[in-house]
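Please read the following account alongside the sequence and the coordinates. It begins with the contact between chains and then turns to parts of each chain.

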Amino acid sequence: MRRKGSLQVFLRFAVFAVVMFVFVSPASAIPAFARKYSLRCTACHEAWPVLNDFGRAFRDNGYQLRLGRDDTVTADPGYWPVAVHITPTYLYTKTTNQLTDQGVKDIGSGGIADASIDLLMAGVLTKNISFLVVPTGFASDGNVHLESYWAYFTRVIKDSDWLNIRVGQHEIDLPASGHRTIDLTDGYLLYSYHPGVPSGSNISAYDMGENQRGVEFLGHDATDLTRYSVSVFTAHDSQGSANAWDSPSFYGHFQKYFRFKDGPVSEAEVGVFGVVANYPTQFLTSAGTPIPGSGSNLQASSRYGVEANVWIGPTVAPLHLDFVYAHGMDKKGLLLTSDGVTPADRNGTWNGGFVEAIWVPPADLLHWTLFGRYDFIRNQNQPELTAASNYNNQDQYTLGFRYTIAYSIRDEVAFHAEVSSLNVKGVGFAGLDQRTENIMLGVDFAY
Amino acid sequence: MTNRIAHNLPAIVGLLLVMSAASAAETGDVKTGKLVYERYCMSCHGDQGNGQGEAAEYMSIKPRDYRQGTYKWRSTPSGSLPLDSDLEHTLFNGLYGTYMPTWKVLDERSRRDVIAYIKTFSPRFAAEKPQAAIVIPPDPGYSDASVARGAAVYVKYNCSQCHGAGGQGDGPSAHELKDDWGNPIVPYDLTKGHVKCGDQSTDIYRVFMAGLSGTPMPTFSDSLSSADAWDLVHFIQSLSPGYAKNFAGTVANNPSGDKK
């Protein structure tokens, strides 16, 4: 019976997909960098929004091609450094084993999701000083916030690329960007996971994938094949913190790329990364609200990991495999037990990671992208000794495709479809597993 | 599942790396080169290689039309096809002041493949071979005397007619020039601190001897001695305020290292 219902839902989505595919018209406007340099999205993005080598170097070099047409004086006067990105989406979500007044239920709902937009403002102010400002939101709740804002100083020491400095709210240099994920519904579990019994009881809300306020030091060689990044920042959403210096957190990342002149593997990469995100657990308050900058008794969430990327086939149309594996630890000072009062028994430790595959089939004009990912979390030491060893273990599968209907030096519009499934051990009612499934169909466009 | 992946990961990566060294190809792959072209080049140079991509109409310096096999930047004599290394040089360095970026961050394989594909736009590459590269004698060295002699050469060969007396690309004929495709073309401003075809002194020398095919810039190989050519190189370098920084190849021969 359930299988029959799922089939009906699938068929409805399939019809919807065909309709969208046939009738969507390309948007016509001007994406900032594409217009500025007359390059299509494909120049910088292996598969939008994942950067390729050229795009990574362009970003690391402060959005400069360094051929005399970068800054506001030498660029064509028509260049206006603003682009818009939005994804109208049909989203169906079902979550199992939820407690309601009518008993334990599986709840599913679908419809056109409330969309928000990204205003992407970025460019070069003057030689070797660039900027990015991203107001985001504008959804039905009326909220707008600055997702990102920074100034970036490149080649700080003479003409060396080995020291560039970014100041402001920025995305730390993750193995795979949390803001440029190929999928649009689920983030990387590794970045946001915190141990806790019950799930969600951890004081720390630090999310590696979120932008952090602080300073980044970044360097690389001439072709951007060896690179490092070190960020000092205030952990996202930490109460009692004011800036990167009163409750400092640290992130480091080193990458080395290898290229092969012949053979099926065109490129490979290995890297290491680590972060210590400190959260104040005590602070002065005013009317019960923590006073910014007054935090103390810092407690750390740390993650250390390795990564490897392999590009099989030509880099222009590769099968790109990304492996990331990390060990995480949250200090017990961040954790309380089930009663919400008693401190946890011990630090919470876990291992997690993901395997992601992105394939751009070598077909004319590179319209297609197929992708899939498996994320996992495995708890090692539960903070509460009595908790089941596999409590809050997570497995997430994502599968999808993207068809670029049109791309130009002005815009890109793509049909995007994906399904995902997240299973979390023991967090449902009465210790049952909880599974969340998403089906998403969207039109993703930027101009 | 997790343990299995972790356990086999080194073996998988190792196998792929070994496979990568298993074969060798000396020339680029046209089929892959077409994909490289579509990803990076087509928006300017067009899907037919005719220089009429979607971006071309917005550009004051038009993208190259590949169909004639006529290339500005060559190491070969005027009229000859370029060598693959010439095309690689342009891809690697870009063309300063134009929309042609440097593609040095691309892997060598992609550059090799796209060169193979670009050559398919012109039947000349199948019918004839490029001539040998022009031999460039060693740079005798930058000096005040050489710059002075170069200034005289600049006058003798009437370079100012197009490039202007001060080298700023504002000579009397500057606004009348057209390329072989009928597009207006302006002489290069030699005071910019960079030269389009490359910042090495040999890059400038090569332009005098090979010319810039498809443009009004002729070859002077029949009339210009190598000594005069080097003096002219040094004079042109002296026009640039960025000389000391950008013309590193010659600075080594210049004891003072100062702009003259």
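The contact between the chains takes 41 residues from chain A and 41 residues from chain B, two residues being in contact if their C-beta atoms, placed from the backbone, lie within 7 Å. On the side of chain A that touches chain B, the elements giving two or more residues are helix 3 (41–44), helix 4 (53–60), strand 13 (265–282), strand 16 (296–312), strand 17 (319–330) and strand 19 (368–381). Strand 13 of chain A gives the largest share of that side, 4 residues. By class, the side of chain A that touches chain B has 25 nonpolar, 8 polar and 8 charged residues; Ala, Val, Leu, Ile, Met, Phe, Trp, Tyr, Cys and Pro count as nonpolar, Asp, Glu, Lys and Arg as charged, and the others, Gly among them, as polar.

This is a predicted model, in which local features need pLDDT of at least 70 and side-chain atom pairs count only at pLDDT 80 or more, while totals for chains, interfaces and linings use all residues. Residues are numbered from 1 along each chain as its sequence is written, and chains are lettered from A and ligands numbered from 1 in the order in which they are written.

Chain A has 5 helices and 22 strands, which are DSSP runs numbered from the N terminus (helices H or I, at least four residues; strands E, at least two). Its C-alpha trace spans about 65 × 55 × 50 Å along the principal axes. Of the contacts in chain A with a separation of 6 or more, 61% join residues 24 or more positions apart.

Within strand 10 (residues 212–220) of chain A lies Val215(A). Val215(A) counts as partly exposed because it has 16 C-beta neighbours inside 10 Å (20 or more make a residue buried, 12 or fewer exposed, and numbers in between partly exposed, with C-beta atoms placed from the backbone). Beyond four places in sequence, Val215(A) is in contact with Ile165(A), Arg166(A), Val167(A), Ser231(A), Val232(A) and Ala244(A).

In chain B, helix 8 (residues 201–210) and helix 9 (residues 226–238) have axes that come within 9 Å and cross at roughly 120°. The contact is made by residues including Tyr205(B) and Phe208(B) of helix 8 and Trp230(B) and Val233(B) of helix 9.

Terms used:
Axes fitted to C-alpha atoms, helices over the stretch in contact; angles between N-to-C directions.
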